[in-house]
Amino acid sequence: MMTSFFKTSVIELKAVQKSSPVHRNDHGYGTNITTSLWKRKHTGIFCCQSGESDRALMQQSKTQKVRALKEMAVSTTTTPNTSITNGLGILQFLAGKTYFITGATGLLAKAVVEKILRRAPDVGKIFILIKAKNKEAAVDRLKTEIINSELFECLKQRHGKYYQDFMLSKLAPVVGNLCESDLGIDANLISEIAEEVDVIINSAANTNFEERYDVSLHANTIGPCRLMDFAKKYCKNLRVFLHVSTAYVNGEREGMITEKPFYMGESIAREKVASEFLPLSYPALDVDDEIKIALDSKVAFEGNLEDQKMKELGLERMLDPMILSYGKGNLPSFLVNPEVVIDMIPVDMVVNAIIAAMAKHGIAGKPGIKVYHVGSSAVNLLPLGDLFKYSYEHFICSPINMDTEGKTTDMKEMKFFSSMDDFSSHMQTEIVQQRRLAISGNNASQRLERKCKMIVEHAINLARVYQPHMFFRGRFDNSNTHKIMEGMSEEEMKRF
């Protein structure tokens, strides 16, 4: 369906668990770069690229012809069969291109912007879709959340006093919303974007594990659909469409999960039924019913405080709240299978995979769909038990668990439970015991009791939210990603 829109090649990249931003220290659990995006509740990275034909070139304006001829000249020097010296031709592809990026106020897309500007400063304009009341508010968010971000420290040092001018010359804030028709973009600006944009990167998503169904559906499914409609309707010169999402759109699949996209009409539920027995008919996803459920739930829950409560629980990422709670002594045990293999991917590795795949297929110009998993569970196994063991060793050396007097308290190895009842019972006993010891044996005050109750409830909520991932039996094949790496030159490997 996607390829017929643009005569493009579609890339699906799935990154699983990430650890921290840009090697220096990242949807907690990884990202999924997928092309078969809105066919599932959660979306992924989706990359399309279009080829120029002689007939299309003849129909273009003079300006477009010059631009197209330049691109064809670059493409000629960096064909898909480039030598080892040229590699994929990443820098050649990035140069002079105009980008339209969503989700750039979030970590992943922000890191993509930083890497592009740092490694290829000769890129064209980068349109940044920002949810804001007006252009002034969008510019303010651009400066506050992107330009002034610590992530861009290298660029600040490189450009010195001209840093702001450089960034503002490259980044163009666009007031809009993925959930609105035509993305809520002003009609005059749409014409400019449609004329110039070569690459669309969609990294906008709601990564809250306990988000309301209607909110998640609009942000992670309907939003990408609207973006794809926008690209189909306006962006006639589009070369690449990239969509980013979590690899856990694969649901509760088990075993080796191959780099294969879903096509219209396919679903995980249908696949699971087929693997268990041969039914007379397969369950089908009724999109209209799904949307109706979402709208009904939106009405039912309108005005509640769930969003604020989730933020207070610190559930923005997957691993951060668990590991920090453990280090502070608030999570001495957890509901987890210690033998389950987890994927840990630094955000810059995901960024490099995005850029490499984008360049590879942007230069090739062949229609089709390609999936890339950016994960470690198939090649560099890390059981959850080992993760908590390493965390224990880290907090022994660098403790963050302090008592009321500011003294470091003893750190214990994580205890694992397979039953929610056993886990809940242990947490209640352990936390109360810890807090009573912390006040030297005095009877627990009402304040202490409330504190213990909050800690236990938070731990139980974390366990309930993360249970599917703590017992996840799937592993992500990354053969396609390895092939991309093999096609890179030594210079590209150093830069990306």
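Student: Which backbone atom lies 2.8 Å from a polar atom of the side chain of Asn220?
Tutor: The backbone nitrogen of Asn206. Keep in mind that this is a predicted model.

Student: Where is Asn220 placed?
Tutor: In helix H10, which covers residues 213-234.

Student: And is Asn220 buried or exposed?
Tutor: Buried. Its relative accessibility is 3%, so Asn220 falls under the 20% cut-off.

Student: Switching topic. At what angle do helices H6 and H8 pack?
Tutor: About 115 degrees, with the axes 12 Å apart. H6 is residues 135-147 and H8 is residues 163-170.

Student: Right-handed or left-handed crossing?
Tutor: H6 passes H8 in a right-handed crossing.

Student: Which residues make the contact?
Tutor: From H6, Leu142, Lys143 and Ile147. From H8, Tyr163, Gln164, Met167 and Leu168.

Student: How does that contact of H6 with H8 split by class?
Tutor: It has 5 nonpolar residues, 1 polar and 1 charged.

Student: On to H14. Which residues are buried there?
Tutor: Leu319, Pro321, Met322, Ser325, Tyr326 and Gly327. The helix spans residues 319-327.

Student: Which residue with a positive phi follows H14?
Tutor: Gly329, and its phi is near 85 degrees.

Notes. Residues are numbered from 1 along each chain as its sequence is written. This is a predicted model: local features need pLDDT of at least 70, side-chain atom pairs count only at pLDDT 80 or more; totals for chains, interfaces and linings use all residues. Side-chain values use heavy atoms; hydrogens and water are left out. Helices (H or I, at least four residues) and strands (E, at least two) are DSSP runs, numbered from the N terminus. Buried means under 20% relative accessible area, exposed over 50%, partly exposed in between (1.4 Å probe, protein chains only). A polar contact is a pair of N or O atoms within 3.5 Å; within protein, one must be able to donate a hydrogen and the other to accept it, and residues adjacent in sequence count only if both atoms are side-chain atoms. Axes are lines fitted to C-alpha atoms, for helices over the stretch in contact, and angles run from 0 to 180 degrees between N-to-C directions. A crossing is left-handed if the near helix is turned anticlockwise from the far one by less than a right angle, and right-handed if clockwise. Contact means heavy atoms within 4.5 Å. Ala, Val, Leu, Ile, Met, Phe, Trp, Tyr, Cys and Pro count as nonpolar, Asp, Glu, Lys and Arg as charged, and the others, Gly among them, as polar.
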